[in-house]
Amino acid sequence: MNKTIIININSIVFHIEEEAYETLRSYMIDIKKHFGKSSDSQEILQDIENRIAEMFSEKIQVGRKEVISLDDVNHVISQMGKVSDFEDEAEEETSTDQAGFEESTQSQEPPISVVDKKLMRNPDDKIFGGVCSGLGAYFNMDTKWMRLIFICFFLFGGSGIMLYIILWIVMPLAVSRADKMAMKGESPTLQNFKKSFEEEIQGLNPHFSKAKSEIARGTSAVGSGISKLGRVFLRFIAFIILIVCALTIFGLAIACVGFITGVLGYQREMVFPGTEFLNTPQAIVALIAGTLAIAIPFLALLQLMLRVLFKTQPLNNYLSLGLWATWISSIIAVIFFCFIGAQEFKESSTIKVEKPLTAQKVYYIAEKDIRLIEASEVDKNGKKFQIELKGKNLEFLLRSDINISFQSIDSLAKPYIQYNYFARGKSYQAATTNAAEIYYLASQRDDKIVFDSHFSVGPNKKYRDESVSAILYLPQGSRVVIDKSIEYKLRNLSFWDCQRAYDSDEDIKSTEWIMGRTGLQCTPKFQPIVKKSEENKAVEDLVKQAEKHAKDAEEHARKIQKEAKAMAERIEVSVKESSTN
Amino acid sequence: MIAENTQTQMRKGILEYCILSIISKGEIYASDIIAELKRAQLLVVEGTLYPLLTRLKNNGLLSYNWKESTSGPPRKYYQITPEGLEVLHKLDNTWKELVYAVETSLQGRNESKN
């Protein structure tokens with residue numbers, strides 16, 4: 001009594017004995033593996049199945065023999081030929097790498113070609129996941145050397161752990177015997193199956209026996225060995241490129257997500273420069289397009305390396321065409337958004353506003369850093385400040401492009417400040433609107449004029465090259481004391497030069513100026529306090545006194561001289577008169 | 001080993017030629033092609049034939065029709081195309097040249113090594 005299985009080949013139903021089925025099945029798998037490489041595999045397999053179905057139906061005799069037996073299957077297989085009988089044909093079909101193939105058929109060894117190897121984890125020789133032994137089999141290296149390399153990686157910064165985990169995830173486990181043979185680069189023919197099975201029975205270390213045959217081969221063909229070594233090296237490089245590509249794409253994805261959250265305002269540590277020129281949806285699209293434009297070439301490289309290393313199928317036409325299209329369109333999008341961004345800066349506009357100042361003898365000019373808040377005003381998280389600014393993101397709102405200069409006017413005129421609010425925009429209209437959004441005024445309290453450190457533009461405004469210039473028109477003769485805090489906002493005025501004029505080692509906190517006809521002149525108020533000895537002072541006093549005396553004497557002498565001259569004239573006139581008389 | 005290799009190379013070279021000439025005789029079924037080839041002691045197993053037929057068909061030298069069969073599934077009947085005929089004629093000439101070349105080089109030898 002035998003168990004039978006019902007199968008159908010090309011929509012014809014056969015009853016087949018279990019044992020016969022197993023044989024037929026493994027035979028068909030073999031054939032599929034063999035022809036799987038060629039492009040016409042589908043048709044060839046169809047023809048073969050057709051023929052098998054026909055041969056089976058010839059065996060069936062209704063009423064007498066209705067079940068396909070193992071003998072029938074064996075007969076069919078012998079007629080159709082084993083995979084090993086096709087081998088010669090395959091050589092011709094896949095004319096690539098023919099030299100290597102012929103060599104191996106000559107020596108009648110199981111073909112050990114690096115090309116067909118698959119990178120898989122080896123479950124028979126493992127410590128954690130069998131990654132190292134899999135890699136070792138792949139690169140024809142002893143597992144222990146692979147492990148040593150990984151231990152080195154572990155030691156240097158622990159990068160090996162990451163690499164190991166990634167490989168563990170990426171590399172499939174070699175479960176079946178066919179997998180294990182693919183891992184070692186043996187082609188899955190029946191003989192090799194048998195060989196692998198025998199090896200297992202004998203408990204031989206497959207690596208050892210392979211190494212032995214490798215050595216035997218190597219001595220006879222050193223040249224081919226070197227080229228093979230080169231190939232292994234190239235694959236190693238390909239492998240590194242693969243990992244780099246994968247990590248790059250991973251990094252790009254993270255960066256993209258990060259920048260998008262930045263644009264949306266969830267965080268402000270990570271903002272891609274330039275995206276603030278665009279509005280939010282535009283910025284998101286631009287970021288995604290930019291990421292794709294960079295990531296797709298890496299993806300292509302990754303796919304290429306996968307093909308080289310793992311013999312994966314090339315991407316189908318639609319997918320690769322789609323990738324191309326996406327890449328091109330994302331590049332176009334990036335260019336488009338650059339253009340859009342530039343458009344926003346095409347026109348510029350300046351709004352002039354004049355505000356009167358109350359006249360003072362001395363003006364104290366200082367800056368208030370509006371970001372600084374007295375500790376007493378605020379709790380630890382700066383919540384009060386956030387509330388004051390209506391919860392808006394400070395960094396996006398405040399600009400510090402402010403400059404201050406001074407002009408002189410007639411000493412009797414009234415002082416005033418002129419503000420120039422500048423901004424850019426797509427059109428003159430937009431630029432003017434943007435300029436009008438700027439809010440910046442200095443405040444005067446008696447003789448103190450305080451400038452804020454930043455000006456604000458409207459909420460949710462994007463950067464449009466806004467700037468403010470304030471010009472103080474002060475009457476001639478006004479005195480100005482400028483605080484050091486505002487130094488960096490001064491235009492056409494060197495705080496530092498004036499500071500030097502003080503001729504002091506001390507840190508000067510403010511400088512004093514006077515408004516001349518052409519502008520502010522530095523007038524160091526605090527004369528250096530030079531310590532002089534009493535003697536020196538006395539001598540100096542004496543010298544001064546002497547000088548004064550000399551001056552007095554000189555003046556006196558001049559006076560007498562003048563009088564003498566006048567007298568002489570008078571005498572001359574009287575002499576003339578007397579002579580005419 | 002080398003002899004064996006050369007043998008397969010030689011066989012392979014003429015196999016296509018023979019298949020083409022068998023098919024040129026008229027519409028024929030794959031297993032009949034095999035029978036003919038076996039009679040000519042050229043082919044060992046059937047599995048080798050199908051890839052060859054597919055390739056010749058893809059090169060436009062052969063075409064086929066499906067025909068109902070009494071004993072089983074429908075069968076593919078192959079026939080030669082005009083291009084196939086053209087190629088066959090070229091191969092005929094080549095074969096004559098080859099026969100001449102081989103015979104000339106074998107002249108004066110008593111036994112052939114094989």
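Biologist: Which helix holds Tyr50(B)?

Modeller: Tyr50(B) lies in helix H3 of chain B, residues 49–58. Keep in mind that this is a predicted model.

Biologist: Is Tyr50(B) buried or exposed?

Modeller: Buried, because 26 other C-beta atoms lie within 10 Å. The cut-off for buried is 20 or more.

Biologist: What does Tyr50(B) touch, leaving out residues up to four places away in sequence?

Modeller: Tyr50(B) touches Ile44(A), Asp47(A) and Ile48(A).

Biologist: Zoom out to chain B. What's the order of elements?

Modeller: From the N terminus, chain B runs α-β-α-α-β-β-α. That comes to four helices and three strands. The chain has 114 residues, and 19% of them are buried.

Biologist: Which residues touch the most other members in the largest nonpolar core?

Modeller: Ile23(B), Ile33(B), Leu49(B), Leu53(B) and Leu62(B). That core has 33 residues. A second, separate core has 29 residues, including Ile417(A), Tyr421(A), Ala470(A) and Phe495(A).

Biologist: OK, confidence. What's the mean pLDDT of each chain?

Modeller: Chain A averages 77, with 77% of its residues scoring at least 70. Chain A is at its lowest in helix H5, residues 98–106, with a mean of 37. Its highest is E12(A), at 91. Chain B has a mean of 82, and 91% of its residues reach 70 or more.

Biologist: Which helix in chain B has the highest confidence?

Modeller: H4(B), residues 82–106, at a mean of 90. The lowest is H1(B), residues 2–24, at 82.

Biologist: And the ipTM and pTM?

Modeller: ipTM is 0.78 and pTM is 0.38.

Biologist: Now chain A. How many helices and strands?

Modeller: 19 helices and 15 strands. Of its 581 residues, 20% count as buried.

Biologist: I'm looking at H13(A). How far does it reach, first C-alpha to last?

Modeller: 42 Å, close to the 45 Å expected. H13(A) has 31 residues, 280–310.

Biologist: Where's the kink in H13(A)?

Modeller: At Ala295(A), about 30°, shortly before the proline Pro297(A). Ala295(A) is also one of the buried residues in H13(A). Others among them are Leu287(A), Gly290(A), Leu299(A) and Met305(A).

Biologist: What happens just after H13(A)?

Modeller: Lys311(A) takes a positive phi of about 60°.

Biologist: Why would I notice that?

Modeller: Most residues other than glycine have a negative phi. Asp446(A) also has a positive phi, about 55°, and is not a glycine. Asp465(A) has a positive phi near 60°.

Biologist: Where do Asp446(A) and Asp465(A) sit?

Modeller: Both are in loops. Asp446(A) falls between strands E9(A), 443–445, and E10(A), 448–452. Asp465(A) falls between E11(A), 455–456, and E12(A), 467–475.

Biologist: How many C-beta neighbours does each have inside 10 Å?

Modeller: Asp446(A) has 9, so it counts as exposed. Asp465(A) has 16, so it is partly exposed.

Biologist: Last topic. How many buried residues are there in E4(A)?

Modeller: Zero, among its 10 residues, 347–356. E4(A) is hardly covered.

Biologist: Which way do E4(A) and E8(A) run, parallel or antiparallel?

Modeller: Antiparallel, with 10 bridges joining E4(A) to E8(A), residues 416–425. As one example, Val353(A) has Tyr419(A) in E8(A) as its bridge partner.

Definitions and conventions. Residues are numbered from 1 along each chain as its sequence is written. Chains are lettered from A and ligands numbered from 1 in the order in which they are written. This is a predicted model: local features need pLDDT of at least 70, side-chain atom pairs count only at pLDDT 80 or more; totals for chains, interfaces and linings use all residues. A nonpolar core is a set of buried Ala, Val, Leu, Ile, Met, Phe, Trp, Tyr and Cys residues joined through C-beta atoms within 7 Å. A residue is buried if 20 or more other C-beta atoms lie within 10 Å of its own, exposed if 12 or fewer, and partly exposed in between; C-beta atoms are placed from the backbone. Helices (H or I, at least four residues) and strands (E, at least two) are DSSP runs, numbered from the N terminus. The expected span of a helix is 1.5 Å times one less than its number of residues. The bend at a residue is the angle between axes fitted to the seven residues ending there and the seven starting there. pLDDT is the predictor's confidence in each residue, from 0 to 100. Two residues are in contact if their C-beta atoms, placed from the backbone, lie within 7 Å. Two strands pair if DSSP finds at least two bridges between them.
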